[in-house]
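Work through the exercises below with the sequence and the 3D structure at hand. Each task is followed by a worked solution.

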Amino acid sequence: MMKKCLAIMLIALLLLAIGCQQQQPGPTEEPAPGVEDGTPAPGGETPDAAGEAKMLAGTYTAEAYGFSMAWPNVLEVTVSEDAIESIAFGEDSGDTASMVDTVAKVLFPRIIEHQSVSVDIVTGATATSASARLAVEACIKQALAAGGSGEAAISAFKTAPEKADGGSEEIATQVLVIGMGGSGTYTGLRAAEEGMDVLIIEKQGRYGGTTALTSEIMSINPQRVMEQHNNGEDFTDADALYKAWTEYTEGDAKKELLDMFFANSGPSMDWLAIDHGILFDFDPKPGFTPADWFKVKFQWFPNFTPEYPDAPVYGYNKREIAANFDKLASSFTDLGGKYMLETEAYELI
């Protein structure tokens, strides 16, 4: 059978920075004499506001608020006299763990490669990226002051990398999936399992999307999961749920899609949980109102970490949830699937 191919033009996504509030940084080393009062620094040199950017080697710490406006991110930056050597988040950073991990993986290498904080932030982790850039800049300013350089010397680390023209790339594939959130990841993997040539493109700098940040998923009576975790009994009364759903939507639900969901969400959960070993808490959670009381949901597992045994189920297991998508992405590429992050399609040819 002839394979139909789609060709797409892919253009690298240019990202825009956003601003964040910043707390006053606290250096881990004392500033060198002469930085604040204009007296000569060690060696007899007077700091020149527009002069050479020279830092005092060491590790510096600063805070900046990201997505959480109640709990700042903490950055630790190690420098030599003239270069940024390493960047890391502190353990007490306030943003979601998977966002912190994404920024550390994608943004920090950019800053170090270009020796500049004026690099593109990571789409999908914009607030965390913006706070990280602010905190890194604050650390560099501390190091410059400690090294006897004037405040204007920070400009040496704010040069924007030259933007490549990019051009276009034409790629032929049997299946093109736009977006690598939960639905896109599952779809791409399922198509790859059927032996298809699959490409997934995602404009964010991470896969998993919102699914990797939420705490539960809905499914109608997955048979194999029921056999393993519910003595073979139904988790929910599917007929009652269907009736409650249609009554609640007052006839506005698309029946063909509702029927598809009721028929396929169970096997889909079996596929995720049994075939791919994705962990869920199979103690069913009902809905919150009488209208959706029959909507049984399964939370990602674990619901908490040992460090926070009394914490609410949301917020503390995001790294474990993201690891589920690492597993799915690995299975996808093992089957020959390809994905491109920070990539946006503008046209089907």
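**Exercise 1.** State how many residues the largest nonpolar core has, and find which elements supply it.

Solution. The largest nonpolar core has 34 residues, and Ile87, Leu107, Phe108, Val136, Ile140, Leu144 and Phe157 have the most contacts inside it. A nonpolar core is a set of buried Ala, Val, Leu, Ile, Met, Phe, Trp, Tyr and Cys residues joined through side-chain atoms within 4.5 Å; buried means under 20% relative accessible area, exposed over 50%, and partly exposed in between (1.4 Å probe, protein chains only). At least two residues each come from strands E2 (58-64), E3 (73-79) and E4 (84-89) and from helices H1 (97-114) and H2 (126-146). H2 gives the most, nine residues. Helices (H or I, at least four residues) and strands (E, at least two) are DSSP runs, numbered from the N terminus.

The model is predicted: local features need pLDDT of at least 70, side-chain atom pairs count only at pLDDT 80 or more, and totals for chains, interfaces and linings use all residues. Residues are numbered from 1 along each chain as its sequence is written, and side-chain values use heavy atoms, with hydrogens and water left out.

**Exercise 2.** List what Val136 touches, leaving out residues up to four places away in sequence.

Solution. The partners are Leu75, Val77, Ile87, Ile111 and Val117, where contact means heavy atoms within 4.5 Å. A second, separate core of 28 residues includes Ile200, Ala212, Met226 and Ile278.

**Exercise 3.** Locate Asn231 and classify its exposure.

Solution. Asn231 lies in the loop between helix H4 (223-229) and helix H5 (238-248). Its phi is positive, about 55 degrees, although Asn231 is not a glycine. Asn231 counts as exposed because its relative accessibility is 73%.
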